[in-house]
Amino acid sequence: MDQFTLLIIIITGLANLGLGFWVFSTRRTARINQTFFILTLSITLWLVNNYLADNSDNNRNALFFTKNLMYFSFLIPIIIYYFSLIFPKKIASTGLINKLTILTSISIMLILIYFSKLVIKNVYFQDGIAEINFGHLSSLYLIIFIIFSIFATINFSKSFKNNLGIAKLQVKYFAIGIL
């Protein structure tokens with residue numbers, strides 16, 4: 001990877017983390033601000049691990065960074081889903097069922113990604129490029145990823161439709177930022 005690409009990744013990561021920290025520091029006890037910070041942190045960790053996986057010098061490191069990037073990319077739609085429940089105003093219950101669903105999904109994928117070969121069997125290099133050999137349950141990863149993304153989109157659509165003024169504008173800007 002060339003120096004320009006690395007510079008873009010560093011600038012993007014720092015800007016992302018800076019935005020997340022700035023929002024968090026304005027009201028540290030607000031669940032919305034905490035969740036937004038965790039989202040920006042997950043995106044930055046995904047970005048960094050993606051770079052490191054692509055630039056690893058051996059299979060072991062490439063596998064480690066690939067597992068990290070898969071896990072952090074998995075967290076992103078889950079965090080966005082949770083964020084969609086509370087931003088800009090609480091539109092749905094963040095009760096026990098939602099929390100259990102989120103925690104169960106995160107825990108299952110943590111175990112499957114890091115402690116089995118069911119999502120990622122291995123990583124190998126072909127012509128200097130790291131290639132992923134996916135396991136039998138990689139489709140489960142994709143299904144859960146898509147389900148949380150769909151529910152988050154539905155929640156943000158409801159928020160956009162049901163809010164007025166600044167709240168509606170906040171949802172619009174968040175959606176643009178996600179794209």
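The protein comprises six helices and two strands, where helices (H or I, at least four residues) and strands (E, at least two) are DSSP runs numbered from the N terminus. The model is predicted, so that local features require pLDDT of at least 70 and side-chain atom pairs count only at pLDDT 80 or more, while totals for chains, interfaces and linings use all residues. Residues are numbered from 1 along each chain as its sequence is written, and side-chain values use heavy atoms, with hydrogens and water left out.

Along the sequence, the elements follow the pattern α-α-α-α-β-β-α-α. The C-alpha atoms fill a box of roughly 55 × 40 × 25 Å, taken along the principal axes. Of the 179 residues, 38% count as buried (under 20% relative accessible area, 1.4 Å probe, protein chains only). Among contacts (heavy atoms within 4.5 Å) with a separation of 6 or more, residues 24 or more positions apart account for 62%.

The axes of helix α1 (residues 3-26) and helix α2 (residues 31-54) come within 8 Å and cross at roughly 165°; axes are lines fitted to C-alpha atoms, for helices over the stretch in contact, and angles run from 0 to 180 degrees between N-to-C directions. Helix α1 is therefore roughly antiparallel to α2 (an angle over 145 degrees). The crossing is left-handed, a term for a near helix turned anticlockwise from the far one by less than a right angle. Residues in this contact include L6, I9 and L17 of α1 and F36, F37 and L41 of α2. By class, the contact of α1 with α2 has 13 nonpolar, nine polar and no charged residues; Ala, Val, Leu, Ile, Met, Phe, Trp, Tyr, Cys and Pro count as nonpolar, Asp, Glu, Lys and Arg as charged, and the others, Gly among them, as polar.

Helices α3 (residues 59-86) and α5 (residues 138-162) have axes that come within 8 Å and cross at roughly 25°. The two helices are therefore roughly parallel to each other (under 35 degrees), and their crossing is left-handed. The contact of α3 with α5 divides into 15 nonpolar, five polar and no charged residues.

Not counting residues up to four places away in sequence, F174 touches F36, L39, I80, F83, F87 and F156.

Note on methods:
Parallel < 35°, antiparallel > 145°, perpendicular 65-115°, else oblique. Buried < 20%, exposed > 50% of the residue type's maximum accessible area, 1.4 Å probe, protein only.
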